[in-house]
Amino acid sequence: MTSMRDSSGLTEERPAVIPVGAAYCAVDIDRPSRHFAFLLQPDFTLLAFSAALDPLRIANQLAQRPLYRWTVCSQDGAPVSSSCGMSVNVDQPLARFARDTDLVVCGGTVRPGGSHPGARAILREHVRFGGRVGGICTGAIALAEAGLLEGRKATLHWENQPAFREQFPQVEITTNTYELDGGIFTCGGGVGATDMMLLRIEEDYGPSFADVVADMCLYGQRRGERTQQRASVSSAIDSRNPLLVRAIKAMQANIETPPSMDDLAAAAGCSRRQMERLFMKYCGKTPYRFFRDLRLDHARGLLRETDLSVSEIAVASGFASQVVFIKSFRGRFVHAPGRFRSGKAAPLQTTP
């Protein structure tokens, strides 16, 4: 069903979806239906979008009342292809919405060129008139491009955070599953979107009702906004050795200005020889090679998602020489940085 516009130019929301199910949970709180408008960007993450939308549908189903309404938009009103290739129909083109609408950008795979200027203008206008805006998965990029995240806390999927930090250093990006900062909310996608929506349902209708919605989602345990997106370093390397964990954390914190191996060993609290034995035992490579690969992976992300020059990326990844950077990059990913950025490199070309 296509949404209409009233005389003020604002979009009228479509009728609420209220499926019938076996489960029922009475809601005593009486308040107007809350409206969400989801803007699907090209190559958006289907999982993250569904994880945000379905708790709203389940809330309506449980209460058998229109607690929530939603409108799905694209920039031009045409269907949008998700990152998995599935095309999703939308209700309408992006337009102005009433102030009490939560306008949410659903991102995914980052494309060169950034968000549409028209979308940025509508986002800025919505905030200026007191509306709430959100970003799911990489939706925070569109919010930052609109100038809405300066001096705020936000988050997006961990894969895209290194490039984001280079492009928007004035934004405080966290590794939490979701962040709420005033009228702006962001999440890293996936189950983080469900966490964020369950919190909104709790704010509207109380924790007991939000817990029933979570149960309907077969959601084992609700998580707070301070939950980290990624597993700990010890889980990732399958070792709880504190010396090794401290060394890797020191590497992660010093990508742009790599310390010496002796300094890393001192940060870990062990000798250089002991650190080398630990890396070979648990990681299968020397600490030097582990750190080099960590920096090259960082560079690969910057090539993919920023317009920084190769020389700038070399510096941002801790390489004093562009020649050494290009040689090292080719050694790990087979192709030179320029060829990788141009899209001519074959996928999944990497060396261990």
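1. Helices and strands are named here as DSSP runs, of at least four residues for helices (H or I) and at least two for strands (E), numbered from the N terminus. The model is predicted, and its chain holds 14 helices and 11 strands.

2. As a general background, nonpolar side chains tend to be buried together in soluble globular proteins.

3. Leu40 deserves a separate look. Once its neighbours within four places in sequence are left aside, Leu40 is in contact with Phe49, Val72, Cys73, Ser74, Val80, Val88, Val90 and Cys106.

4. Two packed helices are described by the angle between their axes and the distance between the axes. For helix 1 (residues 46-63) and helix 6 (residues 207-216), the axes come within 9 Å and cross at roughly 110 degrees, which makes helix 1 roughly perpendicular to helix 6. The crossing of helix 1 and helix 6 is right-handed. Helix 1 contributes Pro55, Ile58, Ala59, Gln61, Leu62 and Ala63 to the contact, and helix 6 contributes Phe209, Val212, Val213 and Met216. Sorted by class, the contact of helix 1 with helix 6 has 9 nonpolar residues, 1 polar residue and no charged residues.

5. The axes of helix 8 (residues 242-252) and helix 10 (residues 272-282) come within 10 Å and cross at roughly 95 degrees, so that helix 8 is roughly perpendicular to helix 10. On the side of helix 8 the contact is made by Leu243, Leu244, Ala247, Ile248 and Met251, and on the side of helix 10 by Gln274, Met275, Leu278, Phe279 and Tyr282. By class, this contact of helix 8 with helix 10 has 9 nonpolar, 1 polar and no charged residues.

6. What classes of residue make up the contact of helix 11 with helix 13? The axes of helix 11 (residues 287-305) and helix 13 (residues 322-333) come within 10 Å and cross at roughly 95 degrees, and the two helices are therefore roughly perpendicular to each other. Asp293, Leu296, Asp297, Ala299, Arg300 and Leu303 in helix 11 meet Phe325, Ser328, Phe329, Arg332 and Phe333 in helix 13. The contact of helix 11 with helix 13 has 6 nonpolar, 1 polar and 4 charged residues.

7. Most residues other than glycine have a negative phi. Asp43, in the loop between strand 1 and helix 1, has a positive phi, near 65 degrees, and is buried, with a relative accessible area of 18%. Leu218, in the loop between helix 6 and helix 7 (233-236), also has a positive phi, near 55 degrees, but counts as exposed at 78% relative accessibility.

Notes: Residues are numbered from 1 along each chain as its sequence is written. This is a predicted model: local features need pLDDT of at least 70, side-chain atom pairs count only at pLDDT 80 or more; totals for chains, interfaces and linings use all residues. Side-chain values use heavy atoms; hydrogens and water are left out. Axes are lines fitted to C-alpha atoms, for helices over the stretch in contact, and angles run from 0 to 180 degrees between N-to-C directions. Angles under 35 degrees count as roughly parallel, over 145 as roughly antiparallel, 65 to 115 as roughly perpendicular and the rest as oblique. A crossing is left-handed if the near helix is turned anticlockwise from the far one by less than a right angle, and right-handed if clockwise. Contact means heavy atoms within 4.5 Å. Ala, Val, Leu, Ile, Met, Phe, Trp, Tyr, Cys and Pro count as nonpolar, Asp, Glu, Lys and Arg as charged, and the others, Gly among them, as polar. Buried means under 20% relative accessible area, exposed over 50%, partly exposed in between (1.4 Å probe, protein chains only).
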